[in-house]
Amino acid sequence: MSATDTRIRLPRIGRMSNELVLASIILVLVIVMCAVNPAFFSVHTLFSILRSALVPMVFALAVLFVIISGGIDVSFAAIGIFAAYTTVSLAQGGGLDFGLIGILAFAIVIGGALGFVNGIVIARFRLPTLIVTLATQGIFKGVLLAYIGSKYIAELPDGISWLSTANLISIESTRAYLPMLIVPVVLLVIGAAFVLRRTMFGRGIYAMGGDLEGARRAGFPVVRLQVMLYVLVGAVAAIGGLIHVVLGRSANPQDLVGTELDVIAAVVLGGASIFGGRGTVTGTVLGVLLVQIINNSLILMGVPTAWQRAAVGFLLVIGVGIQAVMARRASRRTFVLDTVKE
Amino acid sequence: MPQTTPPGQFARMNDQVDRSVRSLLGRIHVNRGVGRMLVLFALAFGLFAILNPRVFLNPINLQNMMVASPEVGILAIAMALAMLTGGIDLSLVAIANLSAITVSTMFTAIASSDPATAESMGGLIALVGVLVGALAGAVNGFLIATVGITPILATLATMQIFNGIAIVWTGGTTLYGAPAVLSSVGQATVGGVPLLFLEFLVVAVLIGVLITRTPFGRRTQLQGANPTAAMYSGIRSTSVLYGTYVTTGVLGGIAGLVFLSRNPTASADYGTSYVLLVIVIAVLGGTNPTGGFATITGVVLATLVLQVVQSGFTAIRLSAYEYAIAQGVILIAVMVFDQVRVRRRPRPAPSSQTETIALAEIPRA
């Protein structure tokens, strides 16, 4: 009896503590880093990690929503840079400086519209999300570079340029600066957690990811939810693109596209199931931070930056591998229990 | 439209040819992918031949197209093979680059002490490149079959790892130097047809035979169509998956050699845009991304269609960006067309489509 109990409990512990595992990995990593290189333990390091995590964090939230719904989106980076670049070039070249709110709203509308294209094609024709977003990624990037502009814009419109250098906290003595842009990112994180946990829309996304047909029979308007989801993802991606442009103090239409898989890797590390139905904002935040900490600590440890990609790859193999082995063991156990019952 | 005018007649004839071709293809069970790709190929080729015959039909342009298509084509065949088992292989391009880098490094290392030996060992060195591909494929197989990681995640991770190793190895620079054997293969032609293109066709035929005519191919199809049924039929999914990913790794290694044949340089970030392009080609060629169905003929034709569109766009002076748009539009159009047609036709009991229905989203309300 007690043996059966542990059999059932083991995998559940593994599943429940996913965020805890991530948090402890981060903690261990930080302690090791501090022991190896005392320079690591500083506000400067903390702020630079946070700064580098801003854009991936926003994109990761967008990806998290799609992955929970059971899909994969590889077009978000193209949408982000499309919306940001178009807005900046209109505000700059067209002389239409709408101010911060105007520029943000404009970018969000563009991102939402592009997301709408994704959503309609996916929901209306029931096509695999990976393939559709692969196609739209090419289309968005192509339209941006062929018809809107391929030139690097070195100067941002006044409405947002002040944000590039605005800091929430600046400690002059250690030259540690925390950019103001962390505020909208934190708000987005909180907002995403709220939507996923407390709204019908959020629960619907989980339901769709768990079982699409089941969600439909439970009364969720699946087609509408899916379209809404991709519009939302487009809008969030646009904000991510804008933050990237502001932080980099320039708009380069060739940026971002090509980093999709890195973001997806961070989200999966954060415990989101690629099959849908599972994933949390906390896990995603930790996943993104873990990747950034690793990148940052490798530099401080004197490991060439070239190893970063491989390190993230190894981490992904270990993280997902443990999950897979646990899931396999769990399924084997239930299988054994069933036969015992009979 | 009046039927007596030439265009009407032409359309009717075209229709008829189209229909008979399709029924012929339908009879040998390959109509999906192959038929529509044949039509698309003819359309694209005809369009550009009319728009700018002087440039497009120039023998040099035709030859260039045949030299350019093999590297993408071989990778697309590998991708179709992975998709056949219901998986995907995102690490293909990284494997190809790793193989190219291995060959280039080995050659340069041996040539620095003794150039003559290096040249004479060219074939052997190339074999090592393929071996590297097989090894990388075995790593994928281990993660997917033994550990049980979903293919998309396993190969996403190994893509980062292989690519990372390549970056560390080369220090981010471009390596120069490759055995003369490879370069001469890259430049040789047989009766006006580049040897590389023939190599591509040979690979395609071999993999085609492997899929359709061997027990291993049967097993991969069953594994992709319904893993549970395959398990109960006594198919050992582990060995099928190992076989599949080692084969895709070998194909990746061969693609690496093709990279070197075209251009004796190797770098870690060559062809990064191929990762997604190769998926596009495989799906266009009629491969079911959820597994159970693939035709190599379709994939070869899809490769050629995209190559024709790319060269054609250059011939009528459209940019690479417009080509990217065309790629996306073609992919969505073909998928939507497929979906609409499938929905209109009353379906007999779904055979290999069970997975597709589960994954292909909502039935219409």
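## Close-up views of a two-chain predicted model

**View 1. Leu75(B) and its neighbours.** Leu75(B) touches Leu92(B), Val93(B), Ala96(B), Gly252(B), Ala255(B), Tyr274(B) and Val278(B), leaving aside residues up to four places away in sequence. Two residues are in contact if their C-beta atoms, placed from the backbone, lie within 7 Å. This is a predicted model: local features need pLDDT of at least 70, side-chain atom pairs count only at pLDDT 80 or more, and totals for chains, interfaces and linings use all residues. Residues are numbered from 1 along each chain as its sequence is written, while chains are lettered from A and ligands numbered from 1 in the order in which they are written.

**View 2. The largest nonpolar core.** This core has 216 residues. Leu75(B), Ile77(B) and Val278(B) have the most contacts inside it. A nonpolar core is a set of buried Ala, Val, Leu, Ile, Met, Phe, Trp, Tyr and Cys residues joined through C-beta atoms within 7 Å. A residue is buried if 20 or more other C-beta atoms lie within 10 Å of its own, exposed if 12 or fewer, and partly exposed in between; C-beta atoms are placed from the backbone. α11(A) supplies the largest share of the core, 17 residues. Domain 1 (16-303) and domain 2 (309-342) of chain A both contribute residues, so the core lies between them.

**View 3. Where chain A meets chain B.** Here 42 residues of chain A contact 43 residues of chain B. On the chain A side, α5 (99-125), α6 (129-148), α10 (212-217), α11 (222-248), α12 (260-269) and α14 (307-341) each supply at least two residues. Helices (H or I, at least four residues) and strands (E, at least two) are DSSP runs, numbered from the N terminus. The largest share of this side, 13 residues, comes from α14(A). By type, the chain A side divides into 31 nonpolar, six polar and five charged residues. Ala, Val, Leu, Ile, Met, Phe, Trp, Tyr, Cys and Pro count as nonpolar, Asp, Glu, Lys and Arg as charged, and the others, Gly among them, as polar.

**View 4. The two domains of chain A.** Domain bounds come from an automatic or database domain assignment. The domain centres, taken over C-alpha atoms, are separated by 29 Å. Seven residues from domain 1 and six residues from domain 2 make the contact. On the domain 1 side, α12 and α13 (281-300) of chain A each give two or more residues. α12(A) gives the most, with four residues.

View 5. Strands β1 (residues 167-171) and β2 (residues 176-179) of chain A run antiparallel, joined by four bridges. Two strands pair if DSSP finds at least two bridges between them. Ser170(A) has Tyr177(A) in β2(A) as its bridge partner. Four residues lie between the strands of this hairpin, and Arg175(A) in the turn has a positive phi of about 55°.

**View 6. Helix α5 and Gly87 of chain B.** Helix α5(B) (residues 92-113) has 22 residues. Of these 22 residues, 16 are buried, so α5(B) is largely enclosed by the rest of the structure. Gly87(B) sits in the loop between α4 (59-84) and α5 of chain B. Gly87(B) is buried, with 25 other C-beta atoms within 10 Å. Gly87(B) touches Ala82(B), Ile144(B) and Pro151(B), not counting residues up to four places away in sequence. Gly87(B) and Pro289(B) are 202 residues apart in sequence, yet 7.7 Å apart in space, C-alpha to C-alpha.

Technical notes. The expected span of a helix is 1.5 Å times one less than its number of residues.
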